[in-house]
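Me: I would like to take a close look at one part of this protein, and I would be grateful for a connected explanation that I can follow on the structure.

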Amino acid sequence: PAPTAGKLEVSGLPVNKRNRALRRRHTGCTSMAATPGATVDGTTLLSQTIDDYPPGDTRANYVPARDHPKGAMRPIFEWEAVYPRYVGTEYGEMYHPTAGQSPSKPIGEIPQVEHTYGYYAADYGLVNEHQVGIVESTASSRIAVLGRPDGPALLGMEELTRLGMERGRTAREAVTTIGALAVKYGFAGAGESIFIGDTKEVWVFHVLAASLNGSAVWAAQRVPDGHVAIVANFFIIRELNLSDSANFLASPNIFDVARENGWYQPGKPLDFAKTYSAGEYFSKYYSGRRMWRFLQLVRPSVPLPATYDTLLSFPYPSFVRPDLPLGLADFRRMNRDYYGGTPYDLSAGLSAGPLGSPRRYAPGPAENSMPGNWERTISNFKTLYSVIHQLNGRLPDSLGGVVWFGAHNPHATVYYPMPLGARQAPRAVSR
């Protein structure tokens, strides 16, 4: 059967548990990536807006590297999308209990490795001491399950990105680590996408549950050097060529799960997005308009249509070579974008008010009774914070790796540098 577009759904679960699951997820983030060959100075650039409703936890901190005894177990937690996302002593002083707070209880555990790397983290793992960086965006998927204690899966993307930070010395190593753990212990939630980059390359990684009983299906593709990409809550990996292991990786069950569900005909190439995506969620143009805008900003020489019948017709390329090399200022500009100067400019028209505000808050009952939706921009009223990772292989890791942290909406923020060598987040960010 064809995917059903239009909403994010946790399948096969009572309504109250579906709602509880979705409250715990950041379901509207935008992530972007530029490979070293696409930037002005040969650095890798990754960015993400963390889009969710208050009272989100906007703190970031540095988790120190640690040695662990043989046979140690690594506790797994359910990270909340609200404040506090976690309470305990495993991840630095920032999370230590304060008055009235009780420590978070593990939902399970997995074998620990003997050494874990230090890294910056907020809701997700950000950049580790070896300049491996991760940014995230949810995506609709045709299979989704709850994590423990309500469902069978152990690992959500919050924990998987931390595990990738702790155990990945390169982007490729983080990809294979995250994928193997998701398959073994089960992936919780609907579809997820992350860019994983280091100083030499960027991978895009997609994952979803393999069945309502758990496990996971995943695929990863190396972004061609000299190219850029965006994930706006929609899978972008298309036809897999698993004979080319330098550029494609996937879980062993990727064909079996698709065939068992009637989504794949053996003997033909497997198109990951066409096979496993459930289309745009929430509303038409929720994802596609952001994809269109990004592509027009980085490659204005090639006009693309802003409208389409369905995003599952794949009107936009997954990877493009920009007209000009991009820099940090370009990523700040794209994070701050609200379609200025286009027919969809949120700072223009009657709805923008006398001050030209681009903010369009969540609709109330009266608005919900009317047809249509506000445009979904990259810089969004509900963005809690955004990050830009700068990964520079020409400098020592302590100087080359920088997380640029911007609190609140990108169009109204200042980005603050957090270099790896500092080994701590500034007090204003971590309190």
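Which residues line the second largest pocket? Please go on from there to the sheet and to the loop that holds T413.

Reply: Please keep in mind throughout that this is a predicted model. The second largest pocket is lined by N61, Y62, P64, G92, E93, M94, R423, Q424, A425, R427, S430 and R431, and its volume is about 280 Å³. Two elements, strand 3 (61-63) and helix 10 (427-430), each supply at least two residues of this lining.

Turning to the sheet, you will find six strands that form an open sheet in the order 14-1-2-16-17-18, with antiparallel pairing. Strand 14 (228-231) and strand 18 stand at the edges, and because each has a single partner strand, one side of each is left without a neighbour in the sheet. On average, and with direction ignored, neighbouring strands of this sheet are turned by 15° against each other. Helix 6 (residues 288-298) packs on the sheet, where it touches strand 1 (30-34) and strand 14, and its direction makes about 160° with that of strand 14. Helix 7 (residues 328-335), for its part, lies across strand 1, strand 2 (44-51), strand 16 and strand 17, and it runs at about 160° to strand 16.

Strand 16 (residues 383-391) is joined to strand 17 by seven bridges, and the two run antiparallel; among the paired residues, I388 has W404 of strand 17 as its bridge partner, while V387 has F405. Strand 17 is also joined to strand 18, again in antiparallel fashion, by four bridges, and here the bridge partner of F405 is Y416 in strand 18.

The loop between strand 17 (401-407) and strand 18 (416-419) is where T413 lies. T413 has a relative accessible area of 10%, and because buried means under 20%, T413 counts as buried. Its side chain reaches the backbone oxygen of A407 at 2.7 Å.

Methods. Residues numbered from 1 in each chain as written. Predicted model: local features only at pLDDT ≥ 70, side-chain atom pairs only at ≥ 80, totals over all residues. Heavy atoms only, no water. Buried < 20%, exposed > 50% of the residue type's maximum accessible area, 1.4 Å probe, protein only. Polar contact = N/O pair within 3.5 Å; in protein donor to acceptor, adjacent residues only side chain to side chain. Pairing = 2+ DSSP bridges. Axes fitted to C-alpha atoms, helices over the stretch in contact; angles between N-to-C directions. Contact = heavy atoms within 4.5 Å. 1 Å grid on protein atoms, 1.4 Å probe; cavity = no way out; pocket = protein on both sides within 12 Å on 5 of 7 lines; lining within 4 Å. Points joined across faces, edges and corners; volume = space filled by probe spheres on them.
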